Amino acid sequence: MTEKMKAQVFFEAEKMELAEIPIPALSDADVLVKVRNCGICGSDVSYFFGLSPTDKMPIVLGHEFTGEVVEVGAIPKSMGLFKPGDRVVVNPVQNCNACYACASGHTNLCANLYVPGVNADGAFAEYAVSRYTGLFKLPDTVTYAAGAFMEPLACAVYGMKKLAIEPGQFVAIFGPGPIGIMMVQIAKAVGAGKVALIGTRDYRLNEGRKWGADYLFNTADAKSPYYVRDLKSAISDLTSGALAERAIVPTSSNEAFEQAIDVTGNAAILVHFGLPTTGDVIHVPAEATHKMDKEIRFSWLAPGVWPTTIRMISEGLLDLEPLVSRSVPLSEAGLAIRSLRAREGDPIKVQVTP
Ligand SMILES: [Zn+2]
Ligand SMILES: [Zn+2]
């Protein structure tokens, strides 16, 4: 196909331009998708400002997307899997199904990951390609806007699966960003007792309350009504001294993870979720953690949880659309990324709608 489309092409740090480029050609395993909604991820912001390198440049960023099938490659076509007009959501972490990691079910650790928007052109564009194995039909009841939360939500679902909440437990969630707020909803959906949301910005903590957080704590801003100087004693008071039974940390702050170790009690499970920066080291008080028989787990991407994630949305267990603070046209993607970094208007999630 030699037809052209509009796309935001990212050349180098802070240089992204709206351009006319060819509509991507399909391999036999690909499906061409007309992009409807694409969320701006924290990682897009990092790439844009050159804080983390992309594998390919120039590149079209954007990996959290939904859309409509326009053309189907030979393989999925022969299998009758998709047809033009199908509403779809893309799992952008597309594994090869041919390496040892894939063969043992650890698809998140695939040696040949293909990720539209990260190492191949993505969805800040009118059209994007996806391998058919990374494509799911969007249930009729799920809007394109809600569907564009599927990728970050799937990561959250995987982390929460590792957290292994038992009914009634006291759960501490550190980091009230969009992921943390989704985790509040998931914790409630799977039967947590009380959920404490811990952060440093009140506008985000207030969002967390709307979605079911029972307790809010601001550990940084002494003027906040949620401010606590000593989080451990605050949580101890709420739990008759037992402390939190589960803690998950969807922020990259090492300090937050160390606090999570501090505020959890006997036999607690902790999940490290926020993406670390190269060279980060977490300090774990060995004796106390050992003698309290705690478990520390890490969560990376979202293997095996997409079907659960789709059902959680289609069954109405989570309310996602209100998390979209703003939708912008394709031409304003760069501006939107800048304003996200500057936190203008206290945004939760911004989507591009080409
Ligand atoms: Zn993302
Ligand atoms: Zn593989």
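Colleague: Why is C38 called buried?

Modeller: Buried means under 20% relative accessible area, exposed over 50% and partly exposed in between, with a 1.4 Å probe and protein chains only. C38 has 0% relative accessibility, so C38 counts as buried. C99, with a relative accessible area of 12%, is buried because that value is under 20%. This is a predicted model, in which local features need pLDDT of at least 70 and side-chain atom pairs count only at pLDDT 80 or more, while totals for chains, interfaces and linings use all residues. Side-chain values use heavy atoms, without hydrogens and water, and residues are numbered from 1 along each chain as its sequence is written.

Colleague: How do you know that C38 is in no disulfide?

Modeller: A disulfide is a pair of cysteine sulfur atoms within 2.5 Å. A search of the whole structure finds zero disulfides. The nearest cysteine sulfur to that of C38 belongs to C41 and is 9.4 Å away, so C38 is in no disulfide.

Colleague: Which residues of helix 7 are buried, and what covers them?

Modeller: Helices (H or I, at least four residues) and strands (E, at least two) are DSSP runs, numbered from the N terminus. In helix 7, residues 202-210, the buried residues are D202, Y203, R204, L205, E207 and G208. Their cover includes helix 6 (178-189), strand 9 (195-199) and strand 10 (215-218). Just after helix 7, G212 takes a positive phi of about 115°.

Colleague: What makes strand 8 and strand 9 a pair?

Modeller: Two strands pair if DSSP finds at least two bridges between them. Strand 8 (residues 171-174) and strand 9 are joined in the parallel sense over four bridges, so they pair. Within this pairing, I173 stands opposite L197 of strand 9.

Colleague: Which strands form the open sheet, and in what order?

Modeller: Six strands form this open sheet in the order 10-9-8-11-12-13, with parallel pairing. Strand 10 and strand 13 (295-298) stand at the edges because each has a single partner strand, so one side of each lacks a neighbour in the sheet.

Colleague: How is helix 9 placed on the sheet?

Modeller: Contact means heavy atoms within 4.5 Å. Helix 9 (residues 254-262) packs on the sheet and touches strand 8, strand 11 (244-249), strand 12 (264-272) and strand 13.

Terms used
Chains lettered and ligands numbered in written order. Axes fitted to C-alpha atoms, helices over the stretch in contact; angles between N-to-C directions.
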